Number of protein chains: 2
Amino acid sequence: MSIATVSRVLGGSQKVNEEMSRRVLDAAAEVGYRPNAAARSLVSGRFRTIGLVMPDVGNAYFQDILKAVVTEAKKDGYRVVVIDSIGDADEEYEACLQQVPNVDGIILLSPRMSKAQLADVIAKAGAVSIVNRLEPGISAPMIVTDNAGACWEILEHLASLGHRRLVHVCGPTESWQARTRITALRRGAQRLGLELAVLEAEQGVEAGYAIADEALETGATAVIAFNDLHAFGVMTRLHDRGIRVPEDVSVTGFDDIELARFSRPAITTVGTPKLELGEQAWIGLLAQLRGDGVPPSTPISTPLTVRGSTGPAAGA
Amino acid sequence: MSIATVSRVLGGSQKVNEEMSRRVLDAAAEVGYRPNAAARSLVSGRFRTIGLVMPDVGNAYFQDILKAVVTEAKKDGYRVVVIDSIGDADEEYEACLQQVPNVDGIILLSPRMSKAQLADVIAKAGAVSIVNRLEPGISAPMIVTDNAGACWEILEHLASLGHRRLVHVCGPTESWQARTRITALRRGAQRLGLELAVLEAEQGVEAGYAIADEALETGATAVIAFNDLHAFGVMTRLHDRGIRVPEDVSVTGFDDIELARFSRPAITTVGTPKLELGEQAWIGLLAQLRGDGVPPSTPISTPLTVRGSTGPAAGA
């Protein structure tokens with residue numbers, strides 16, 4: 001009784017004759033073998049499981065993308081194992097290496113690891129999709145929104161309202177998204193003849209609240225926040241200081257989360273199609289799992305929604 | 001070469017003589033066998049993986065508990081597979097049954113399945129921890145906050161401010177948490193001689209916004225919202241109607257999420273120790289995985305934090 005034969009029988013293959021099948025199954029029963037997914041994975045080399053490595057499972061933005069991936073993967077019979085890298089580049093890389101032997105592929109959400117580490121993970125994992133990072137020379141579907149286009153829309157909107165001095169509250173600059181937006185805003189501001197200061201903040205409402213005073217000290221009449229949570233925090237601080245939005249200062253966000261619609265004033269923001277990001281990440285991974293190669297990546301364009309948090313510049 | 005022998009060798013056991021070990025490993029190499037976690041699971045009966053079934057991965061409240069479970073499980077070398085049941089009782093039950101063959105245990109977050117289904121999952125999964133549901137006659141750690149105590153604190157606070165007519169915006173009543181709070185608020189209101197109307201709403205800020213008008217029509221001077229998202233939505237609607245909080249109407253929440261601190265007015269709310277819920281769920285599961293049985297469940301008490309959204313009743 002060879003291992004290959006045992007594998008075939010336990011894997012449900014019809015290529016083994018009946019008598020041999022019975023012997024294998026009897027022996028399996030004797031040692032208490034129960035067929036299960038782990039066994040099937042071992043036999044087929046397929047786990048029907050993918051890993052999703054993300055920087056913060058506690059962040060609504062990432063959760064929405066996670067939700068989309070989970071939903072899409074489930075339709076195709078795949079389970080998603082979620083790993084939180086706590087926003088740490090090395091931890092992220094280690095988590096991927098640990099996952100490789102146990103999953104069919106990996107989706108990297110806003111990865112911060114180095115390019116060399118990224119290439120290593122792709123070589124070892126086989127199938128990888130990357131969300132929120134565009135890295136030349138890397139062979140994987142890279143699902144991103146059109147950050148440059150979105151930044152340009154925000155700048156044009158503020159310029160049309162007469163704002164000349166702007167401040168950008170950016171997110172942690174290890175993230176590709178933060179770096180891309182800083183570059184795009186700087187280029188756009190230069191082209192439109194606007195002044196732009198850049199301040200770095202941690203994630204979340206509280207970080208936006210904490211940096212608002214410093215943002216105002218730049219003399220800007222408009223704050224371009226990294227996301228809606230930052231924008232909300234900035235607006236709360238302005239409210240506490242008696243500074244009116246948008247009469248005294250305009251504020252913009254990114255992502256268009258529920259809070260952006262229901263805060264008062266509601267936040268002018270760039271929508272991030274989180275469902276589409278998650279769907280595209282899964283489509284890109286599934287193509288590789290099926291041996292169809294790496295599909296091309298096209299940035300997803302994002303609409304600007306103008307709401308009450310932006311208005312004419314004071315004195316303009 | 002018996003399956004048992006193969007298992008022992010591939011599982012790394014020292015109980016097989018060297019010559020036999022070599023034969024097994026050669027045969028394994030021949031069929032392309034690679035040792036991996038799935039193989040080890042098959043041999044040891046341990047996957048080092050647990051399932052976490054939750055109603056909504058897109059909800060900040062559940063995400064925080066998820067994050068705590070992931071962090072704690074990781075410390076003990078376990079991975080967490082997350083399944084979103086989309087708040088559906090049957091889907092939740094099916095997801096559990098599908099998980100059972102692939103995980104060492106299951107954590108159920110705010111389960112809505114029937115008691116019979118719950119008992120069945122516990123019987124099949126072996127190790128189960130339940131968060132946010134207390135069900136007599138079920139043998140599993142049940143990690144809950146002291147909902148009754150929290151409701152009592154809210155009622156006493158509002159009564160002391162002179163509120164006599166209250167309305168409770170509850171969450172979907174399939175959830176144990178929603179039913180428990182309704183019962184506790186009704187009992188408490190009766191004891192304190194207060195009027196209490198109850199309105200059911202869907203989850204989220206938008207649902208709170210949508211139900212605010214109906215809540216006001218009850219003539220209540222205080223809205224006891226099911227959670228902070230509901231409270232925020234209610235407050236936004238009141239703001240849009242020119243009704244002042246707390247001068248005209250007081251509003252309370254549950255959970256003490258970041259938004260409760262940074263909304264204006266900030267929300268009077270009952271803190272939910274989400275980290276502790278996640279930690280206790282993991283501790284309860286690990287005890288079972290180690291064969292130490294089911295630890296006793298003690299409701300976690302929750303503090304009321306009074307902020308700007310509550311004040312003296314109008315005309316009191």
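# Close-up views

Arg237(A) is partly exposed, its relative accessible area being 21% (buried means under 20% relative accessible area, exposed over 50%, and partly exposed in between, with a 1.4 Å probe and protein chains only). The model is predicted: local features need pLDDT of at least 70 and side-chain atom pairs count only at pLDDT 80 or more, whereas totals for chains, interfaces and linings use all residues. Residues are numbered from 1 along each chain as its sequence is written, chains are lettered from A and ligands numbered from 1 in the order in which they are written, and side-chain values use heavy atoms, with hydrogens and water left out.

**View 1. Arg237(A) and Asp213(A) form a salt bridge in chain A.** The side chains meet at 3.0 Å, N to O (a salt bridge is a side-chain nitrogen of Lys or Arg within 4 Å of a carboxyl oxygen of Asp or Glu). The pair links distant parts of the chain, with Arg237(A) in helix 10 (residues 228-240) of chain A and Asp213(A) in helix 9 (residues 205-217) of chain A, 24 residues apart. Helices (H or I, at least four residues) and strands (E, at least two) are DSSP runs, numbered from the N terminus. Asp213(A) is partly exposed, at 25% relative accessibility. Over all chains, 26 salt bridges are found in the whole structure.

**View 2. Asp76(B) and Arg290(B) meet in a salt bridge of chain B.** The N to O distance is 4.0 Å. Asp76(B) lies in the loop between helix 4 (60-75) and strand 2 (79-84) of chain B, and Arg290(B) in the loop between helix 12 (274-289) and strand 11 (304-305) of chain B, so the bridge ties together parts 214 residues apart in sequence. Asp76(B) is partly exposed, with 27% relative accessible area, whereas Arg290(B) is exposed, with 56%.

**View 3. A salt bridge joins Lys124(B) to Asp120(B).** Their closest N and O atoms are 3.0 Å apart. The two residues are four apart in helix 6 (residues 115-125) of chain B, a separation of about one helical turn. An α-helix has 3.6 residues a turn, so residues three or four places apart point the same way. Lys124(B) is partly exposed, with a relative accessible area of 47%; Asp120(B) is also partly exposed, with 21%. In chain A, salt bridges with shared partners join Asp213(A), Arg237(A) and Arg241(A) into one network.

**View 4. Helix 10 (residues 228-240) of chain B is mostly covered.** The helix has 13 residues and reaches 18 Å from its first C-alpha to its last, close to the 18 Å expected at 1.5 Å a residue (the expected span is 1.5 Å times one less than the number of residues). Ten of the 13 residues are buried, including Leu229(B), Phe232(B), Met235(B) and Leu238(B). Asn227(B) caps the N-terminal end, a side-chain oxygen lying 3.1 Å from the backbone nitrogen of Leu229(B). Just after the helix, Gly242(B) takes a positive phi of about 75°.

**View 5. Phe262(A) and Tyr209(B) form an aromatic pair between chains.** The count comes to seven aromatic pairs over all chains (rings of Phe, Tyr and Trp, the last by its six-membered ring, pair if their centres lie within 6.5 Å; planes under 30 degrees apart count as stacked, over 60 as edge-to-face and the rest as tilted). The pair of Phe262(A) and Tyr209(B) is tilted, with 5.2 Å centre to centre and 55° between the planes. Phe262(A) belongs to helix 11 (residues 258-262) of chain A and Tyr209(B) to helix 9 (residues 205-217) of chain B. Phe262(A) is buried, at 7% relative accessibility.

**View 6. Strand 1 (residues 49-54) of chain A is mostly covered.** Six of its six residues are buried: Thr49(A), Gly51(A) and Val53(A) on one side, and Ile50(A), Leu52(A) and Met54(A) on the other. Six bridges join strand 1 of chain A to the parallel strand 2 (residues 79-84) of chain A (two strands pair if DSSP finds at least two bridges between them). Asp84(A) in strand 2 of chain A is the bridge partner of Met54(A). Four bridges join strand 1 of chain A to strand 3 (residues 105-109) of chain A, also parallel, and there Ile106(A) stands opposite Gly51(A).

Definitions and conventions: Polar contact = N/O pair within 3.5 Å; in protein donor to acceptor, adjacent residues only side chain to side chain.
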